[in-house]
Amino acid sequence: MARLLVTGGAGFIGSNFVHHVIGHTDHHVTVLDKLTYAGNQASLAGLPADRLDFVQGDIADAELVDGLVSAADAVVHYAAESHNDNSLNDPRPFLDTNIIGTYTLLEAVRRHSTRFHHISTDEVYGDLELDDPQRFTENTPYNPSSPYSSTKAGSDLLVRAWVRSFGVEATISNCSNNYGPYQHVEKFIPRQITNVLRGDRPKLYGTGENVRDWIHADDHSSAVLTILDKGVIGETYLIGADGEKNNKDVVEAILTELGQPADAYDLVTDRPGHDLRYAIDSTKLRTELGWAPSYGDFETGLAATIAWYRDNEAWWAPVKDTTEAFYASKGQ
Ligand code: NAD
Ligand code: TDX
């Protein structure tokens, strides 16, 4: 049994990870989460109290972080400002949390010699052309586009520097786009599902040709546990499940699954600087650490996700109007 400190554990992917850890290991989890607009303690409801502690606080609070890190065997760092559209509106919180917050955690794990795993994104590599046969690998140069992805890139580089300069025992993973339960309705897939459930039309940016590489959040969790268990200190691992789809195909699949005409969506104002395509080559993780995803195909995972949003309206309805008002103010 290990004691894990999970930052951002009340967010989308962090809460999926906490559920996964409690279901698949005997580890004890302490969640540190600020409960920003993106955090929701209801995402952790029903988990056994003897396996989980919850601390509300900021990863940039050095004193709080020091105490929590001193009591942990490993830190798994999910907390971040995570939404590109918000980063275009107000970048400052992205610097505070993604850069200063990560720095604060690194200094604490350095003091206490604690194992650290840093969660990052494929967006640090920039984007690919639609017809480019290449995918991102661990050797692709960093080329982030947005305030969000540039602060994630900065946080990755801090981790690498703390490994090299101070001998911190850290690994990094860069994952593709996640979908699944507990994702905020600001994000693409839950926004479109909940629009259709409310009788509104899905909103596609631009022409809908942009490609994302989808992975179920539970597969992301199993990959992170694999890296915690078997990953080599100082190494970076790309996580992906060969799930490339363009946005138009995803919206059509959601509409069809919900019994609507496949073309019942609106094209809206594009995102400034919108990355065209992401694609992950996860060969290193699969061959060196023996990981494989469990969700065989995107359609099955998407149907389960749609069912979850249909069954859990009480979880998302309270934030739906505010989220849509923000998009409407930008013609999206
Ligand atoms: P999210 O926005 O759903 O959750 C972020 C969580 O962090 C929230 O619970 C929030 O309250 C918490 N948080 C924010 N600032 C904090 C602070 N200063 N102190 C403590 N807690 C704070 O994000 P997500 O989609 O679950 O992403 C989690 C991580 O995974 C991020 O690091 C993100 O960059 C990375 N990631 C996300 C995706 C994706 O598809 N969503 C893909 C790859 C990597
Ligand atoms: O209403 C929408 N319509 C639309 O066409 C929204 C919200 C999005 N989009 C498009 C933009 C992207 O091409 O859908 C795609 C996915 O958008 P997001 O859900 O905002 O995700 P993305 O910008 O790809 O970033 C996500 O994946 C990588 C996460 O939010 C990041 O945290 C992660 O690092």
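A residue is called buried here if 20 or more other C-beta atoms lie within 10 Å of its own, exposed if 12 or fewer, and partly exposed in between, with C-beta atoms placed from the backbone. With that in hand, here are my notes.

1. **Ground rules.** This is a predicted model, in which local features need pLDDT of at least 70, side-chain atom pairs count only at pLDDT 80 or more, and totals for chains, interfaces and linings use all residues. Residues are numbered from 1 along each chain as its sequence is written, while chains are lettered from A and ligands numbered from 1 in the order in which they are written.

2. **The buried side of helix α4.** Helices (H or I, at least four residues) and strands (E, at least two) are DSSP runs, numbered from the N terminus. In α4 the buried residues are Phe94, Thr97, Asn98, Gly101, Thr102, Thr104, Leu105, Leu106, Ala108 and Val109. They pack against β1, α2 (62–70), β4, α3 (84–89), β5 and α5 (147–166), where a contact is two C-beta atoms, placed from the backbone, within 7 Å.

3. **The geometry of α4.** The 21 residues of α4 reach 29 Å from first C-alpha to last, close to the 30 Å expected at 1.5 Å a residue; the expected span is 1.5 Å times one less than the number of residues. A kink of about 25° is centred on Ile100, the bend at a residue being the angle between axes fitted to the seven residues ending there and the seven starting there. Helix α4 (residues 92–112) lies across β1 (3–7), β4 (74–77) and β5, and runs at about 170° to β4. For such angles, axes are lines fitted to C-alpha atoms, for helices over the stretch in contact, and the values run from 0 to 180 degrees between N-to-C directions.

4. **The seven-stranded sheet.** An open sheet of 7 strands has the order β3-β2-β1-β4-β5-β6-β10, with parallel pairing; two strands pair if DSSP finds at least two bridges between them. At the edges are β3 (52–56) and β10 (236–239), each pairing on one side only. On average, neighbouring strands of this sheet are turned by 20° against each other, direction ignored.

5. Strands β5 (residues 115–121) and β6 (residues 170–175) run parallel and are joined by 6 bridges, with Ser173 in β6 as the bridge partner of Ile119. Another 4 bridges join β6 to β10, also parallel, and Cys175 stands opposite Ile239 in β10. In a regular strand the side chains alternate between the two faces of the sheet. In β10, Thr236 and Leu238 point one way and Tyr237 and Ile239 the other, and all are buried.

6. **The three-stranded sheet.** Here the order is β7-β9-β11, in an open sheet with mixed pairing. Strand β9 (residues 211–216) pairs with β11 in the antiparallel sense over 3 bridges, and Asp213 stands opposite Glu244 in β11. Helix α7 (residues 217–230) packs on the sheet, touching β7 and β9, with its direction at about 70° to that of β9. Helix α10 (residues 298–311) also packs on this sheet, touching β7, β9 and β11, and makes about 50° with β7.

7. **Two positive phi values.** Most residues other than glycine have a negative phi. Leu35 has a positive phi of about 55° although it is not a glycine; it is found in the loop between β2 and β3 and is partly exposed, with 13 other C-beta atoms within 10 Å. Ser113, in the loop between α4 and β5, has a positive phi near 50°. With 9 C-beta neighbours inside 10 Å, Ser113 counts as exposed.

8. **Ligand shells.** A residue is near a molecule if its C-beta atom, placed from the backbone, lies within 6 Å of it. Ligand 1 is surrounded by 31 residues, the closest being Gly8, Gly11, Ala38, Gly39 and Ala80. Two or more residues of that shell come from each of α1 (12–24), β2 (28–33), α4, β5 and β7 (177–179), and α1 gives the most, with 3 residues. Around ligand 2 there are 16 residues, of which Ser82, Thr121, Lys187, Phe188 and Tyr205 come nearest. Both α6 (188–197) and β8 (203–205) supply at least two residues of the shell around ligand 2, and β8 gives the most, with 3.
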